[in-house]
Amino acid sequence: MNQMKDFNLNQKKILIRMDLNVPIHNGIITSHTRINKSIPTILFALSKNAQIIIASHLGRPQEGKYEKKFSLFPVFKYLEKKLKNVSMCFIKNYLNGIKKNNYSIIFLENVRFNIGEKQNNIELSKKYANLCDIFVMDAFATAHRKESSTFGICQFASKICAGPLLISEIKNLNIILLKPKKPLITIIGGSKVSTKFKLLKSLIKITDFLIVGGGIANTFIAINNNVGKSLYEPNFVQEAKKLLATQKIIMPLDSRVGTSFSNNTQSYVRKLNEIQNHEEIMDIGDQTIKYYQKIISKARTILWNGPVGVFEFSNFSLGTQKIAESIVQSKAFSVAGGGDTLSVIKLFNLKKKISYISTGGGSFLEFIEKGTLPVLSLLNKKKS
Ligand code: 3PG
């Protein structure tokens, strides 16, 4: 796979596809992780005297329609502040070419405003390709999408390469997938139960123990117990049974429950066989916390995706907090990824203590499941 350092970037127009899809509420960016992780790529291009064009998507706007809440302008302003003395401009209309100017960085408006972006439209891909001499794919978090600015452009740009963030994501995830120090302990929680069940099947092959939390754990609990009003996936209970038979699944011994999905509901710990119809599992119980902590303490490699409870409610965040703390206290090489996981890391201020934090959500899970992503095969193939 070609990398930026393999090309002479001097005075070359390089279009860097980044994933600057960050949460923005009322114009305020609430997590800067993806932007901050993209800055080294920009600094590298600046140091090589390249003419930089930055492209990204933000959210899921209706195509062909400008909506202010999906504008990348706040991200542009943040970057402008971070890169103090670098001249930057923000462009809304760029598909028919960018006029020559003296800015060091040209920042393009949300590519998903363009008709055809999500369908990987050929004409649009060609238009993007015409904007640059070299295309740099650095958007790991969008590398699972076959869209014009990620996948299509690779087919038409005269030169293509991977950016440093993309390379680093692959390198760190491959430590887990290809040569993890054993035991490898995986922790999978969160609420996207059906999506993640597919992932469990792949993970069980590489991991020594798989600790489950959230809606995933509830589906395992439902094999032999009433789970009341809890979030779980009835269609996957049989699948859960098969996975349990591998003896690699570590599931809760008890649960913290409430009677409504709210932080105001009374919270108490129940044994698994005591959960009532009107109750809802919202966290792991105290016995489970100790059990999970003991297993995590033995890990030499840890893969973590998803909270083990409703961490947004303070009455149900203890399990997630304790598990997150044991991950950072362990001496293992730890990799964390996924939107909710990043929020947990931010909430409990654990950022500096995880060995590697992936910027990917869906792409992180797909890479773990399949060991590759659509655009990677193009980057591998085309050696310009
Ligand atoms: C993400 O947040 O996972 C990526 O930016 C991809 O966004 P998407 O799911 O809207 O394609």
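Predicted model: local features only at pLDDT ≥ 70, side-chain atom pairs only at ≥ 80, totals over all residues.
Reader: Next, the core. What is the general idea?

Author: In soluble globular proteins, nonpolar side chains tend to be buried together. Here the largest nonpolar core has 107 residues. Those with the most contacts inside this core are Ile14, Leu15, Ile52, Ile53, Phe135 and Met137.

Reader: Which domains does the core draw on?

Author: Domain 1 (4-167) and domain 2 (180-369) each give at least three residues to this core.

Reader: Take Ile53. What is Ile53 in contact with, beyond its neighbours within four places in sequence?

Author: Lys13, Ile14 and Leu15 are among its contacts.

Reader: Now a residue in a strand. Where is Ile281, and is Ile281 buried or exposed?

Author: Ile281 sits in strand S14 (residues 280-284). Ile281 counts as buried because it has 31 C-beta neighbours inside 10 Å; the threshold is 20 or more. Its contacts, leaving aside neighbours within four places in sequence, are Asn218, Val227, Ser230, Ser255, Val257 and Ile275.

Reader: On to the ligand. Which residues are around the ligand?

Author: The residues are Asp19, Asn21, Arg60, Ala141, Thr142, Arg145, Gly361 and Gly362. By class, this shell has one nonpolar, four polar and three charged residues.

Reader: Which positions does UniProt annotate as "binding site"?

Author: An unreviewed UniProt entry gives that annotation to Asp19, Leu20, Asn21, Arg34, His57, Leu58, Gly59, Arg60, Arg112 and Arg145. UniProt also places a "binding site" feature, again from an unreviewed entry, at Arg34, Arg112 and Arg145.

Reader: Start with Arg145. Where is Arg145 found, and is Arg145 buried or exposed?

Author: Arg145 is in the loop between strand S7 (134-137) and helix H4 (148-156). Arg145 is buried, because 21 other C-beta atoms lie within 10 Å.

Reader: Where is Arg112, and why is Arg112 called buried?

Author: Arg112 lies in the loop between strand S6 (105-108) and helix H3 (122-130). Arg112 is called buried because 21 other C-beta atoms lie within 10 Å. Not counting residues up to four places away in sequence, Arg112 touches His57, Arg60, Pro61, Glu63, Glu117 and Lys118.

Reader: And Leu58: which loop holds Leu58?

Author: The loop between strand S4 (51-55) and helix H2 (73-82). Leu58 has 23 other C-beta atoms within 10 Å, so Leu58 is buried.

Reader: What is Leu58 in contact with, leaving aside neighbours within four places in sequence?

Author: Leu58 is in contact with Leu20, Asn21, Phe70, Leu72 and Asn110.

Methods. Residues numbered from 1 in each chain as written. Core = buried A, V, L, I, M, F, W, Y, C linked by C-beta atoms within 7 Å. Buried ≥ 20, exposed ≤ 12 C-beta atoms within 10 Å, placed from the backbone. Domains from an automatic or database assignment. Contact = placed C-beta atoms within 7 Å. Near = placed C-beta within 6 Å. Nonpolar A, V, L, I, M, F, W, Y, C, P; charged D, E, K, R; others polar. UniProt positions renumbered as here; feature names shortened; annotations may be inferred. Helix = DSSP H or I, 4+ residues; strand = E, 2+ residues; numbered from the N terminus.
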